[in-house]
Amino acid sequence: MKRVLKKALFPGLIVLLMVFPLLAAVGCGDGGEETTPEATSQVTPTATAQATPTPTVAPTATPTATAQATPTPTLETYKIGAVFAASGRNAPLGDPEKKTAELLEKQINDAGGINGHKLDIVIYDTESDETKCVLLTKKLIDQDNVIAIVGPTSTGESVALLDTVTKAKIPLVSCAASYKIVQPVEDRYWIFKTPQSDLLAADQIFSYAKKQGITKVATICDSAGFGKNGEEALTMEAPKYSMSIVDKESYGPSDTDMTTQLTKIKGTDAQAIICWGTNPGPAVIAKNVKTLGITLPLFNSHGIANQEFITLAGDAANGVIFPAGKIIALNAVPDTDPQKPVLQKFLTDYQATYNSVPNTFAGHAWDAIQMVVMAMTAVGNDKAKIRDYLENDIKSFAGTGGIFNMSPQDHNGLGPGAFLMVKIVDGKWTAIQ
Amino acid sequence: MSSDQLAQYLFTGLTQGSLYALIALGFAITYTVTGIINFAQGEFVMLGGMLSYLVLDDLHLPIAVAFLIAVIAVSLVGILLERLAIRPAKDAPPVSLIIITIGAAIFIRGMVQQFISKDAVPIPPFTGNGTFSVLGAVVTYQSLWVIGIALVSVVGFYLLLSRTMIGKALRACSINKRAASLMGIDARNMSTLSFLISAALGAIGGIVIAPLAFTQATIGVALGLKGFVAAAIGGFVNLPLIVAGALGLGIVEQLGGATLSAYKDAIAIGALLLVLIIRARWLQTAAGSE
């Protein structure tokens, strides 16, 4: 026995020590890269500006727009890159984003493209992995030659891209939440984002809690990007509402049991719990709260604004309160709100195409792509000009996430009116005041 | 820390530890019989949960049936792994075989994500969500199932090894494979059997813990690590020590998480490093003295 141990255990140990970091890095989802580069862009000879680029009759289908040597004037394809977490832990956010991109691409091309130019959105799946996100973005920039990038899905991935995108001088419109993505704005020249910021969400939660007479809260936040930034946002905003955070707990993004942290919170004098993260953590926490018999109100961030939370948490989801974009409870939005027709059309179109309801994250992608398309319509295929347009010319744009007013100081462009407070009742979202 | 809280940590630790014990025994049996550390062990656990989700969700069969189907299916996966990936490479050095199991783990994970689901999936508890209080700790029915089924499996495993001919054959292979085959034991079949047992144990663990924790294609890595730590504590051969190590790890994780929840994950890794250092030194002296 000792001999067997000696022979295999020692090298085994060394291998384990070397290999575990590899395992951990690779462990976040490996079905092989699910890359969906859009279909070969066909170049239609346009003698006059046609209403629809006809897809089949072109004599030669060339893969790129620029290599033609024919005398017929051809309009180059406008390429936008997209990196979304269509698989992995953030799939409930990234997959709807991807679907929205595909939907918009089709809608825009069916309507004649951008000033007659065909739109090609090259979409890559980051598999919720930051390293893959950076690699795929580099691919978009260097190999696919995109002019602007939409996404990524998560805060962690967005922060990982800051350097890459700045060095490549290409505009990025992120679909992730943290204010850190667009601040300090002097270092974020090329970067914008569409989701409501976590600071806004924290404000919303605190102002609601204050109205209920709550002054002491405990926080339990995901230790990865979104949760960590959420914790900072909560810490920053609490004093403005005379709130004190009596206990700060955290959990790993793939932890499956948080009864330890909640047991600790149970022993403090917190009057409410604020959970900040994306699924499945908050669902586990909601379940644990019920199991432990904790009756304190449970607040969450806008990270749970998807059906997945309710499916996972089951009964335990009822009673959870969180700020959400208006897309979730459209019937609570007054008809006079300029966002309403936008939201209505998006909901109808998405449902007709995919037979499912879009969530706020799908909306973030819609806002991002629309803004880039608006910029391209005005200034064409130039990275710097698109960036300038995004910074200066997006004013009172009614998107799904809110009404956007971008400026050199604010690359997010949203204010307090962007959120609704929502409570989950009987497995459904209900707007509350 | 109040006594209620302490009781809660102990109890949750026991529940988690029971799961780790099942995984650890899986590592132990494959290692001792074949000399390979099977890094796909964590994926067997994951498969148990995911396959039972599939059966429950698509076929709408009762949980007991789903349990059986999942365990049998994962055991088959274990056999396939051994036959298709390990056996053809049996003369390779142990390091290569370990790497093969890592490759298998990645493959299994990818298949599950592709064909079952990439997201976390819920499984209903076996007998409902009821809880009761023990010494101030909240105990759920499902965690009793975890501890109970783990206990039964561990005892069954022990009886298999110590009281049956097959068990004797397994132990003979673990002591000296050549001598065992000279005695008429087919070492290759024992190798397959060890993978079958470890897959079954892993699957059982995965199914009982799933209602408490959700299951998802990516949980195998972390669980495999924790089971490995427990197995290492017992030197892979000492059954009572492995189980004790597993339970201990579960409890220490909870207590450590209570002090500094940000570092909860690091506890398992820290324990692993500690155990490896201590055991390596023990091996050094053993080698030296021989």
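In chain A, strand E4 (residues 172-174) and E5(A) pair in the parallel sense over 3 bridges. Strands are said to pair if DSSP finds at least two bridges between them; helices (H or I, at least four residues) and strands (E, at least two) are DSSP runs, numbered from the N terminus. This is a predicted model, in which local features need pLDDT of at least 70 and side-chain atom pairs count only at pLDDT 80 or more, while totals for chains, interfaces and linings use all residues. Residues are numbered from 1 along each chain as its sequence is written, and chains are lettered from A and ligands numbered from 1 in the order in which they are written.

**The sheet of chain A**

- A:Leu172 has A:Ile191 in E5(A) as its bridge partner.
- E4 and E5 belong to an open sheet of 5 strands in chain A, with the order E2-E1-E3-E4-E5 and parallel pairing.
- Strand E2 (119-125) and strand E5 (191-193) of chain A are the edge strands, each pairing on one side only.
- From one strand to the next, the twist averages 25°.

**Helices on that sheet**

- Helix H3 (residues 130-142) of chain A lies across strand E1 (78-84), E2 and strand E3 (148-150) of chain A, and runs at about 175° to E1(A).
- Helix H4 (residues 155-168) of chain A packs on the sheet and touches E3, E4 and E5 of chain A, with its direction at about 175° to that of E4(A).
- Contact requires C-beta atoms, placed from the backbone, within 7 Å; axes are lines fitted to C-alpha atoms, for helices over the stretch in contact, and angles run from 0 to 180 degrees between N-to-C directions.

**The hairpin of chain B**

- Strand E1 (residues 131-134) of chain B runs antiparallel to E2(B), and 4 bridges join them.
- B:Thr131 stands opposite B:Thr140 in E2(B).
- The two strands form a hairpin with 2 residues between them, and B:Leu135 in the turn has a positive phi of about 55°.

**A helix pair in chain B**

- Helix H2 (residues 41-59) and helix H4 (residues 94-115) of chain B pack at an angle of about 20°, their axes 9 Å apart.
- That makes H2(B) roughly parallel to H4(B), a term for angles under 35 degrees.
- B:Gly42, B:Glu43, B:Met46, B:Leu47 and B:Met50 in H2(B) meet B:Ala105, B:Ile108, B:Arg109 and B:Val112 in H4(B).

Technical notes
Two residues are in contact if their C-beta atoms, placed from the backbone, lie within 7 Å. Angles under 35 degrees count as roughly parallel, over 145 as roughly antiparallel, 65 to 115 as roughly perpendicular and the rest as oblique.
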